[in-house]
Amino acid sequence: MMLGPAVGGPFFLSSNPNCMLNILNFYGLDWLAMCLSVVAVWMLGNKNKDGFIVFILANLMWIAISATLIHSYGIILGNAFFVVYNTRGYIKQVNEMA
């Protein structure tokens, strides 16, 4: 019983030519959403309140990707909660600065 990638290593190093397609399986939208999330974390780490806005955009993108391409209710629900949390964080940050 094989668990994990083929014997050749990770899927992107596999000798199977169809495996490379997995990287762009969702048209690169998942990569864009992930990059937005990383940028948002970096912005928040630097005390930039706009990181909450970038996080909200990333969460909305994850919801759209999940609803249309992945069909994962868990990702949709989790990111819906994250939108609420990030909205709350942004509002608190703006009120503290006022």
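Residues are classed here as buried under 20% relative accessible area, exposed over 50% and partly exposed in between, with a 1.4 Å probe and protein chains only as cover. The model is predicted, so local features require pLDDT of at least 70 and side-chain atom pairs count only at pLDDT 80 or more, whereas totals for chains, interfaces and linings use all residues. Numbering starts from 1 along each chain as its sequence is written, and side-chain values use heavy atoms, with hydrogens and water left out.

The secondary structure consists of 3 helices and 0 strands, and the order of elements from the N terminus is α-α-α. Helices (H or I, at least four residues) and strands (E, at least two) are DSSP runs numbered from the N terminus. Of the 98 residues in the protein, 23% are buried. Contact denotes heavy atoms within 4.5 Å. Among contacts between residues at least 6 apart in sequence, 48% join residues at least 24 apart.

Helix H1 comprises the 17 residues 29-45, and its end C-alpha atoms are 24 Å apart, in agreement with the 24 Å that it should span at 1.5 Å a residue. The expected span is 1.5 Å times one less than the number of residues in the helix. Asp30, Ala33, Ser37, Ala40 and Met43 are the buried residues of H1. They lie on the same side of H1, because the arc that they cover around the axis is only 145°; this arc is that of the directions from the helix axis to the C-beta atoms. An α-helix has 3.6 residues a turn, so residues three or four places apart point the same way. Trp42 and Gly45 are exposed on the other side of H1. The buried residues of H1 pack against helix H2 (50-70). After H1 comes Lys47, with a positive phi near 60°.

In H2, 21 residues reach 28 Å from the first C-alpha to the last, close to the 30 Å expected at 1.5 Å a residue. The buried residues of H2 include Phe52, Phe55, Ile56, Asn59, Trp62 and Ile65. The cover over the buried residues of H2 includes both H1 and H3. Just after H2, a positive phi of about 60° is found at His71.

Helix H3 spans residues 73-97 and contains Tyr85, and Val83 and Asn86 are also placed in H3. Val83 is buried, at a relative accessible area of 17%. Leaving aside neighbours within four places in sequence, Val83 contacts Ile56, Asn59, Leu60 and Ile63. The C-alpha atoms of Val83 and Phe52 are separated by 9.0 Å, with the two residues 31 apart along the chain. Asn86 counts as buried at 11% relative accessibility; beyond neighbours within four places in sequence, Asn86 contacts Phe52, Phe55, Ile56 and Asn59.

A nonpolar patch on the surface is formed by Leu77, Phe81, Phe82, Val84 and Tyr85, which together have about 530 Å² of accessible area. Patches are made of residues with over 30% relative accessible area and no salt bridge, like charges being joined within 9 Å and nonpolar side chains (Val, Leu, Ile, Met, Phe, Trp, Tyr) within 5 Å. A salt bridge is a side-chain nitrogen of Lys or Arg within 4 Å of a carboxyl oxygen of Asp or Glu.

Technical notes:
Accessible areas come from the Shrake-Rupley method with a 1.4 Å probe; for residues, only the protein chains shown count as cover.
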